[in-house]
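Please open the structure in your viewer and keep the sequence beside it. The stops below go from one selection to the next, with a short account of what is there.

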Amino acid sequence: MKITVYWVTKNPDTKERIRIKFNLPRYTTINGETEGIINDDDLPLLQECEKRGFIQIRKKYGNN
């Protein structure tokens, strides 16, 4: 599943741990977003990161 993560946290260690866990790329756009592909099985855990205030999961439409 293709997702866009908006980084709410500014802590670089937290960002890196989330990137490693979900195999997200190391870049962040000027809008504070990172696009990546995650397994459907990992979505509940990613949503838990969102509930804890580390990220926002954004839905993007277009050529995705």
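**A threonine to begin with**

Select Tyr27 and Thr34 together: a polar atom of the Thr34 side chain lies 2.7 Å from the backbone oxygen of Tyr27. A polar contact is a pair of N or O atoms within 3.5 Å, where, within protein, one must be able to donate a hydrogen and the other to accept it, and where residues adjacent in sequence count only if both atoms are side-chain atoms.

Before going further, note that this is a predicted model, in which local features need pLDDT of at least 70 and side-chain atom pairs count only at pLDDT 80 or more, while totals for chains, interfaces and linings use all residues. Residues are numbered from 1 along each chain as its sequence is written, and side-chain values use heavy atoms, with hydrogens and water left out.

Thr34 belongs to strand E2, which covers residues 33–37 (helices, H or I of at least four residues, and strands, E of at least two, are DSSP runs numbered from the N terminus). Thr34 counts as buried because its relative accessibility is 0%; buried means under 20% relative accessible area, exposed over 50%, and partly exposed in between, with a 1.4 Å probe and protein chains only. Show the surroundings of Thr34 next: beyond its neighbours within four places in sequence, the residues in contact with it include Ile3, Val5, Trp7, Arg19 and Leu24, contact meaning heavy atoms within 4.5 Å.

**Charged pairs**

How many salt bridges does the rule give? The count comes to four, where a salt bridge is a side-chain nitrogen of Lys or Arg within 4 Å of a carboxyl oxygen of Asp or Glu. Side chains of opposite charge can pair when their charged atoms come close.

Glu35 is partly exposed at 32% relative accessible area, and Lys2 is partly exposed at 48%.

Move to Arg58 and Glu33, a salt bridge with its closest N and O atoms 2.8 Å apart. Because Arg58 lies in strand E3 (residues 55–58) and Glu33 in strand E2, the pair ties together parts that are 25 residues apart in sequence. Arg58 is partly exposed at 29% relative accessibility, whereas Glu33 is buried at 9%.

Then select Glu16 and Arg26, whose side chains meet in a salt bridge at 3.3 Å, N to O. Glu16 sits in helix H1 (residues 12–22) and Arg26 in the loop between H1 and E2, 10 residues apart.

**The nonpolar core**

Which residues make up the largest nonpolar core? Select its 11 residues, Ile3, Val5, Trp7, Ile18, Phe22, Leu24, Ile38, Leu43, Leu46, Cys49 and Ile55; such a core is a set of buried Ala, Val, Leu, Ile, Met, Phe, Trp, Tyr and Cys residues joined through side-chain atoms within 4.5 Å. E1, H1 and helix H2 (43–51) are the elements that give two or more residues to this core.

**A last stop in a loop**

Finish at Thr9, in the loop between E1 and H1, which is buried with a relative accessible area of 12%. A polar atom of the Thr9 side chain lies 3.2 Å from the backbone nitrogen of Asn11.
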